[in-house]
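Here is a quick tour of one model, written for someone who likes to know the cut-offs. Have a look at the structure first, then read on.

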Amino acid sequence: MAKINDNFIKLPESYLFSDISKKVNTYKTEHPEAKVIRMGIGDVTLPLTGEVIQSLHAATDEMAQAATFKGYGPEQGYRFLTETIVKEAYLPLGIQLDPEEIFISDGAKSDTGNFGDILSKENRIAVTDPVYPVYIDSNVMGYRAGELGSNGKWSNIVYLPCTPDNNFVPALPQEKIDVVYLCFPNNPTGTTLTRDQLKVWVDYAIKNDVLILFDAAYEAFITEKEVPHSIYEIENAKKVAVEFRSFSKTAGFTGTRCGYTVVPKELLLSCEEGDKKVSLNKLWNRRQCTKFNGTPYIIQKAAEATFSPKGKEEVKALIDYYMSNAKIIRESLENIGMKVFGGVNSPYIWMKTPEGFSSWEMFDKLLKEVNIVTTPGVGFGPSGEGFIRFSALGNREDTLEAMERIKHWNIKK
Ligand code: PLP
């Protein structure tokens with residue numbers, strides 16, 4: 001008899017964004033005159049840049065000619081892009097990589113979600129809390145999460161709270177773990193680790209045979225010097241860490257789809273049986289060659305264009321635009337007495353709700369009283385309760401209008 005993977009029915013529906021949508025739609029039906037401003041979902045709003053569009057057109061034209069047409073490409077990505085990433089994204093940070101250590105994909109969601117394919121079901125997984133839900137859900141699917149408790153936590157997953165009490169720096173786990181997901185700059189809190197703080201994790205991973213899955217999807221938003229853009233800025237990190245990156249937020253590729261994963265050749269993991277150590281790079285290559293047929297040529301050309309001198313300037317302008325929004329949001333919330341985190345090296349602002357308000361109560365209040373849609377922090381995990389996430393990825397006009405409303409808002413009423 002054919003059977004399903006029961007873990008899929010253990011997984012609760014992801015209600016967060018549909019619950020938000022329902023609440024917003026009900027409110028709009030009851031108040032058709034209200035101009036609701038969305039500052040919840042982390043999608044970008046600015047269009048693709050000129051260099052990217054030009055290269056998309058040029059690559060499309062190549063596909064129209066027999067002489068330049070491309071069929072299946074290398075599953076790992078075209079060499080022109082992996083070499084460009086090595087040279088433009090890592091060398092300036094002092095990091096030497098081999099193009100064969102870079103795997104181009106359709107984005108960091110797929111890669112962070114799929115990476116568990118090559119890891120044992122026996123691994124004990126740790127995540128920071130609050131957390132990007134893909135890390136947990138993909139481990140539920142992969143038989144590693146156990147059971148969901150009434151406290152909102154999975155029994156076999158180790159949760160590492162990140163709250164103002166620890167300055168959003170996760171403490172090293174007290175119990176034995178095998179794999180940890182770290183995401184810095186963080187979604188949803190917008191906070192970061194300094195080089196010294198990340199080194200603590202790399203040293204711990206080396207000492208305790210732990211694999212770090214480092215999600216750097218927001219590295220392009222970093223403005224402070226002491227914040228590392230890549231985990232490989234930390235000595236010996238190549239022995240213990242995989243890094244995920246994305247063009248989504250960096251260059252407006254959320255709908256265009258391109259990302260990449262770095263799997264260093266020197267990263268070796270033990271087999272389930274015996275003492276043999278195996279290269280994770282080889283396994284990921286094997287996995288990708290079996291289950292993935294490569295990112296489209298035209299998309300990889302578009303991604304390459306973000307690294308040309310003009311492309312880099314354009315990307316910087318996009319990031320500067322969003323980070324100016326972040327500053328506006330942060331300062332406006334501070335001006336009305338709110339405690340806020342993030343928004344300096346990331347497009348997310350994490351606001352503590354005033355005393356007595358839960359995440360959802362604050363969400364409702366913002367929607368009803370100033371017509372602003374945010375994301376309730378508790379939707380990202382138990383330690384997100386009592387917080388609200390604002391996204392700076394909207395357009396300037398809406399951001400300014402939303403903050404003007406906040407300025408005149410009596411939050412305590
Ligand atoms: N990782 C984090 C932390 C994210 O917040 C997101 C998107 O919101 C992703 C990965 C997914 O990125 P991509 O669009 O490349 O799949």
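## A loop, a fold and a ligand

Asparagine 151 sits in the loop between α6 and β4. Before going further: this is a predicted model, where local features need pLDDT of at least 70 and side-chain atom pairs count only at pLDDT 80 or more, while totals for chains, interfaces and linings use all residues. Residues are numbered from 1 along each chain as its sequence is written, and side-chain values use heavy atoms, with hydrogens and water left out.

The side chain of asparagine 151 gets to 3.0 Å from the backbone nitrogen of lysine 153. That is a polar contact, meaning a pair of N or O atoms within 3.5 Å; within protein, one must be able to donate a hydrogen and the other to accept it, and residues adjacent in sequence count only if both atoms are side-chain atoms. The C-alpha atom of asparagine 151 is 36 Å from that of alanine 34, and the two residues are 117 residues apart along the chain. Tyrosine 143 is also in the loop between α6 and β4 (157–161), and its phi is near 70 degrees, a positive value in a residue other than glycine.

Two prolines follow cis peptide bonds. Aspartate 129 and proline 130 are joined by one with omega of about 5 degrees, and proline 130 lies in the loop between β3 (125–129) and α6 (133–141). The other runs from asparagine 187 to proline 188, with omega near 20 degrees; proline 188 is in the loop between β5 (179–183) and α7 (195–208).

Zooming out, the chain has 13 helices and 15 strands (DSSP runs numbered from the N terminus: H or I of at least four residues for helices, E of at least two for strands). Its radius of gyration is 22 Å, close to the 22 Å that the globule rule gives for 413 residues, so the chain is as compact as a globular protein of that length. Here the radius is taken over C-alpha atoms, and the rule is 2.2 Å times the number of residues to the power 0.38.

Now the ligand. Of the 14 residues around the ligand, Asp215, Tyr218, Ser246, Ser248 and Arg257 come nearest; a residue is near if one of its heavy atoms lies within 4 Å. Helices α5 (108–114) and α8 (248–251) each supply at least two residues of this shell.

| Residue | Protein atom | Distance to a ligand oxygen |
|---|---|---|
| Alanine 108 | backbone N or O | 2.7 Å |
| Tyrosine 218 | polar side-chain atom | 2.7 Å |
| Lysine 249 | side-chain N or O | 2.8 Å |

Taken alone the ligand exposes 390 Å², and the protein buries 90% of that (Shrake-Rupley areas with a 1.4 Å probe).
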